[in-house]
Amino acid sequence: MKLVEVLIERKAESLNRPFSYIYLGSKEVGEGFRVIIPFAHSKVMGYVINVIDTNKSHEEIEKETGFKLSEVIDVVDEKPLLNDELMKLAKRMSEYYLSPLISVLQSMLPTSLKPSLSALKGPKIAYDSYLRLLDDNEEGLTPKQIELIRRLKNNGPILKKDYKSPSIINKLLSLNKIEIVKVEKSRLEIPEYKKEKSKVLTSDQLEAVKSIIDTDKTVTLLHGVTGSGKTEVYLKLSELTLKEGKNVLMLVPEISLTPVMVEYFQRRFNNKVAILHSDLTPAEKYDEYRRISKGETRVVVGARSAIFAPLDNIGLIILDEEHVESYKQDSSPYYHAKDVAIFRAEHFRAKVVLGSATPSLESMARAQKGVYHYVRLSKRINNQELPRTSIIDLGRAYNLTRDSFIFSKRLIDELSGVLSRKEQAILLINRRGFSGYITCRSCGHMFMCPNCDIALTYHKEDNLLKCHHCGHVELSPEVCPNCGSKYLSHSGFGTERIVKEINKLFPEARVLRLDSDVGEVRNNIAKTIAKFSNNEADILVGTQMIAKGHDFPNVTLVGVVLADIGLSLPSFRSTERAFELITQAVGRSGRSNKEGIAIIQTYNPTHYAISLAAKQDYESFYKKEMQVRKISQYPPYTYLASLEISGQNEENVIEMVHRIASKLMEQKFDGVTILGPVSPFIAKENNTYRRLILIKYKNDDKIKPYLRTILDSFKNKSQINVKVNVDPYSL
Ligand code: ADP
Ligand code: ZN
Ligand code: ZN
């Protein structure tokens, strides 16, 4: 008999412990297998973490443990889901991020393989059926039957669906002349690209490659200005890694950037690249995942979760645009792809390359301390100038015109110049939708989300009000529900409004919009980018999605429509984020042989994030912002974790958060500062109340185990939910 210890599929901290079951069946079972088990009067999926063979009887074990033990209903898998390396990785992540192991596993695996009952409804392996010849003796066959036999003899197996006559197939099958062979097929259709030879690297690029190969440090920060040719460095490093017999993992921060990177890699590596990102269907992802784990491909390109690709023998992991926040998952487990990359690289003795024009302060600080190897590409390819930039102060009347309350005179002039020269422009506004929020002019009523503490955004396209947080949607109002007035005012503006403004000012211009609303429809992002690349539009309007990475040679104007959005967000990272966004956006201009310019519209022209971004002066920004972080003691000068307490009952949440905060303060750990309790930016979300405690620490050897005991003390308490976010990005 076997005693099986499993984790239950539910993610709550209160269930984060092994549960024991007995298994009397004959299937193989071990660590990493999924089993179906009874739990609290229903069936759930369990993930086996330990199996003990025993001679004792059921009753003896129950007597010993003092628990009633139920039986495993069924074993789902025929082999463990994860290999040793990935299982160790899961455990290490669970410890580092103080996240339940089960939630780490849920994040690591594709839908069909997740330890969750719903996975059984996920996509199954798809097969193609082939006809194969068994016996070519033609005696007694009809001419039609002989025709098929000869065809199989001459050409080898053919797809069953390519042969039109089922009756002949069935007859030959019954005579044992042919058989049907099933071959796994991949549902992901990747376009075949023409092979491309590598470019001749510039001396700067060559030096960068050499220096990354030569260093004995695990991590290299490749700091290259926008347009300095980092992609070519990635490709060369990948080529060399493959030559050494090792495999390559290439990450991009967002799906909007995957198609382009995929194309680069497919061209260079003979269309042998596997792709993993969220715009694939679950079936496609499943197929790619299995292709990788069977070792059929040696290069994987993908977004954040591709860091868990079951690729073996990794020699190189690249994170392009390493500063981008989407590398951090903002739900449990709150992992950052960079940390996971380093964990994996340590296992394989592989190299990690972090590329960016605007490295995160954390990465730059580590490079300066010598923890990371540092490589700089300080010039654009062919010594192309960085774009000339102008800051337009929206607070000055002389910059404005009656024709538009969104675009300054200068931006309108530059746009018409671009249109007449048949060049292209990018306009950035970091807010989607039509208007920021709606209020009643008579009584001041604000249209708020009923579930969350934030204003609803008006979307003109479908005439709906939407919560950008929980996804709540309601019909757009005709009158104020509070006083009945029909005078509703729209304030603030987003991508949709800008498109309308362009249509009004330049009716002949062809405009495309790119934001996460557009991305709702599968493949829309890739299509929009391809269209703009092919010059099928003059102006691209979008959110931060368009700011980074892209290489559109015909773009000679970038307009940051309102640089201030984001500066006022209550996060110690908001200034860094604004600087990066503007610098990256400006960097999209003038990347080929035509000179580029950038116009930055703002109400804060003297703010250092804006003025230094306009100058593309990363070094000065880094110095200045590091001083700010030092004074306020925020990362990278200290580590940060946030402890979130949430629940449906606000009073309980408040009482509990105070209890925990005072307990934490009583400990008086050296080098640990406790802040709070505080209300997070969004204190009510989906009808759940949230409170935070912030913990700053210089090293984690005391505080992390203590946080672990706090989490453990919530086991079996289901009214209150506790979570820790290690290195949080949003608060
Ligand atoms: P980055 O990622 O650093 O912003 P890219 O990798 O997009 O820059 O390169 C900018 C442009 O320079 C691209 O159009 C690319 O094709 C071109 N390029 C890069 N390296 C070379 C090279 N060695 N020779 C010629 N063109 C190059
Ligand atoms: Zn009103
Ligand atoms: Zn909401």
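**Exercise 1. Which side chain does the side chain of His373 make a polar contact with?**

Before we dig in, a bit of housekeeping: this is a predicted model, where local features need pLDDT of at least 70, side-chain atom pairs count only at pLDDT 80 or more, and totals for chains, interfaces and linings use all residues. Residues are numbered from 1 along each chain as its sequence is written, chains are lettered from A and ligands numbered from 1 in the order in which they are written, and side-chain values use heavy atoms, with hydrogens and water left out.

*Solution.* 
- Step one, find the residue: His373 sits in strand 16 (residues 373-377). Helices (H or I, at least four residues) and strands (E, at least two) are DSSP runs, numbered from the N terminus.
- Step two, look for the partner: the side chain of His373 has a polar contact with that of Ser211, at 2.7 Å. A polar contact is a pair of N or O atoms within 3.5 Å; within protein, one must be able to donate a hydrogen and the other to accept it, and residues adjacent in sequence count only if both atoms are side-chain atoms.
- Step three, check the cover: His373 counts as buried because its relative accessibility is 18%. The classes are buried under 20% relative accessible area, exposed over 50% and partly exposed in between (1.4 Å probe, protein chains only).

**Exercise 2. Work out what surrounds ligand 1.**

*Solution.* 
- Start with the shell: 16 residues surround ligand 1, and the closest are Val200, Gln205, Gly227, Thr231 and Asp551. Near here means that one of a residue's heavy atoms lies within 4 Å.
- Sort the shell by type: four residues are nonpolar, seven polar and five charged.
- Ask which element gives the most: helix 7 (residues 230-243) does, with three residues.
- Now go for atom pairs. A polar side-chain atom of Gln205 is 2.8 Å from a nitrogen atom of ligand 1. For Thr231, a side-chain N or O atom lies 2.7 Å from an oxygen atom of the ligand, and for Lys199 the distance from such an atom to a ligand oxygen is 3.4 Å.
- Finish with area: on its own, ligand 1 has 570 Å² of accessible area, and the protein covers 82% of it. Accessible areas come from the Shrake-Rupley method with a 1.4 Å probe; for residues, only the protein chains shown count as cover.

**Exercise 3. Assign the geometry of the zinc ion (ligand 2).**

*Solution.* 
- List the donors: the SG atoms of Cys440, Cys443, Cys480 and Cys483 coordinate the zinc ion at 2.3 to 2.4 Å. Donors are N, O and S atoms within 2.8 Å of the metal (3.2 Å for Na, K and Ca); water is not among the atoms, so sites may look incomplete.
- Read the spacing in sequence: C-x2-C-x36-C-x2-C.
- Check the angles: the four donor atoms subtend 105 to 114°, so the arrangement is tetrahedral. Four donors count as tetrahedral if all angles lie between 85 and 135 degrees.

Methods. Ala, Val, Leu, Ile, Met, Phe, Trp, Tyr, Cys and Pro count as nonpolar, Asp, Glu, Lys and Arg as charged, and the others, Gly among them, as polar. Four donors count as tetrahedral if all angles lie between 85 and 135 degrees; four count as square planar and six as octahedral if opposite donors are over 155 degrees apart and all others between 65 and 115; anything else is irregular.
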